[in-house]
Amino acid sequence: GVPVALALTGDPHNWHAWWWFSDVLALVAFVVFALFVSVPHAGRGIAAKKERETGRPAHRPASILLEGFKVKRMWLFGLGFCFLMFTSLSVLTWVPNYVQEIELSKMVAGGMDMAAAQAQAGVAGGSMASLGFAASIPMALVTAFLLGRFQTIKSRNVMVIIAALCAFFYIGAFLIPYEYLPYYLVLLGLESGWTSGVVWSMVPVTMPKRVTMPIGMAIIIFFQGISNLLCTPVVGYVIGEAQVWTNVAPLCAVTAVCGLVCWIIYVATKPPVFDEDEGRGAPSDDVEAFEGDGARA
């Protein structure tokens, strides 16, 4: 965003440039979605099959929608995600300001004009922060491959715990020597790509009925919104006017521990029997518990 704003307006902090650029990206996403994403085929799901076999209407989504809010494991998983998101945002949201402050001080000390130094420092902050997001892209592909390779609930639980432990990487972001920060941000980007893939793939595994999966997604997004809302002002208060960046480390340690505890309890809690598996008499250990329309969890 910063290089784009600088190229279009000459001001790296021009919000209008960022908004218009985001509009273009949103339009591209809309076109791609419209061309390649289709709705599921009607009449091929479990409910439709039961209707044909019994001649009676199966339960409708509207009548069981509230059941999705009663899945305690989903709320526990979402709370853990909230703490881990808070941990990562405590660093990724504030890295541009951190880099900009250091670079600005160096440039001014070297005799550069304040206006030019601010512009260049803004670009440096935005570009360095982008390293983490760039590193998450290839890691997301690696995570997707591993999710396809290991599909039992036990293996997915191991991935969840690994994601929780990786959140502790953020503790050292503002403690390491500044010259090593770019490499550290790449490491954090790899963690981010891993955690994101694991988190979203666990929603279908956690919700016992397929029709309630959107509720699970809503719960995850709800907790993500809470972390987005609280992180920036809380971390800003912790840093303070004196710009004591090392104060972020204890905060990250606390939130990472809270997220790890939530996810350990989540993993230790017995998962429910999937609605489509109730006829088998026992819960399946395989994530691919859904049949009927060929959907994969």
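Biologist: Which elements each supply at least two residues of the lining of the largest cavity?

Modeller: They are α8 (153-166) and α9 (181-206). This is a predicted model, where local features need pLDDT of at least 70 and side-chain atom pairs count only at pLDDT 80 or more, while totals for chains, interfaces and linings use all residues. Residues are numbered from 1 along each chain as its sequence is written, and side-chain values use heavy atoms, leaving out hydrogens and water.

Biologist: What makes a space a cavity, and what makes a residue part of its lining?

Modeller: On a 1 Å grid over the protein atoms alone, a cavity is a set of points where a 1.4 Å probe fits but cannot get out, and a lining residue has an atom within 4 Å of a point. A search of the whole structure finds one cavity of 30 Å³ or more. About 30 Å³ of space lies in the largest cavity, a volume being the space filled by probe spheres set on points joined across faces, edges and corners. Its lining is made up of R73, I153, N157, M202, V205, Y266 and P271.

Biologist: How many of those lining residues are nonpolar, polar and charged?

Modeller: Five are nonpolar, one is polar and one is charged. Ala, Val, Leu, Ile, Met, Phe, Trp, Tyr, Cys and Pro count as nonpolar, Asp, Glu, Lys and Arg as charged, and the others, Gly among them, as polar.

Biologist: What is the volume of the second largest pocket, and what makes it a pocket?

Modeller: The volume is about 480 Å³. A pocket is an open set of points with protein on both sides within 12 Å along at least five of seven lines. The second largest pocket has 18 lining residues, and those nearest its centre are G1, V2, W18, P96 and G126. Two or more lining residues come from each of α2 (15-36), α6 (95-109) and α7 (114-149). The largest share, six residues, is from α7. In this lining, nine residues are nonpolar, nine are polar and none is charged.

Biologist: Why is the second largest pocket said to lie between domain 1 and domain 2?

Modeller: Domain 1 (4-54) and domain 2 (64-271) both give residues to its lining, so the pocket lies between them. The bounds come from an automatic or database domain assignment.

Biologist: Where does UniProt place the feature "transmembrane region"?

Modeller: The unreviewed UniProt entry lists several spans, including 215-239 and 245-266; such annotations may be inferred rather than shown by experiment. In the model, residues 215-239 are 100% helix and 0% strand, with end C-alpha atoms 36 Å apart. For residues 245-266 the span is 86% helix and 0% strand, and the end C-alpha atoms lie 33 Å apart.

Biologist: Why is L84 called buried?

Modeller: Buried means under 20% relative accessible area, exposed over 50%, and partly exposed in between, using a 1.4 Å probe and protein chains only. L84 has 6%, so it is buried. Buried residues make up 38% of the 297 residues in the protein. L84 lies in helix α5.

Biologist: Which residues does L84 touch, not counting residues up to four places away in sequence?

Modeller: L84 touches A164, A167, A256, G259 and W263, where contact means heavy atoms within 4.5 Å. L84 and A167 are 83 residues apart in sequence, but their C-alpha atoms are 6.4 Å apart in space. L76, also found in helix α5 (residues 72-92), is in contact with C262, W263, I265 and Y266, leaving aside neighbours within four places in sequence.

Biologist: P208 and Q243 are the last two; is each buried, partly exposed or exposed, and why?

Modeller: P208 has 18% relative accessibility, so it counts as buried. Q243 has 33%, so it counts as partly exposed. P208 is in the loop between α9 and α10 (213-239), whereas Q243 is in the loop between α10 and α11 (248-268).

Biologist: What is the phi of Q243?

Modeller: Phi is near 55 degrees, a positive value in a residue other than glycine.

Terms used:
Helix = DSSP H or I, 4+ residues; strand = E, 2+ residues; numbered from the N terminus.
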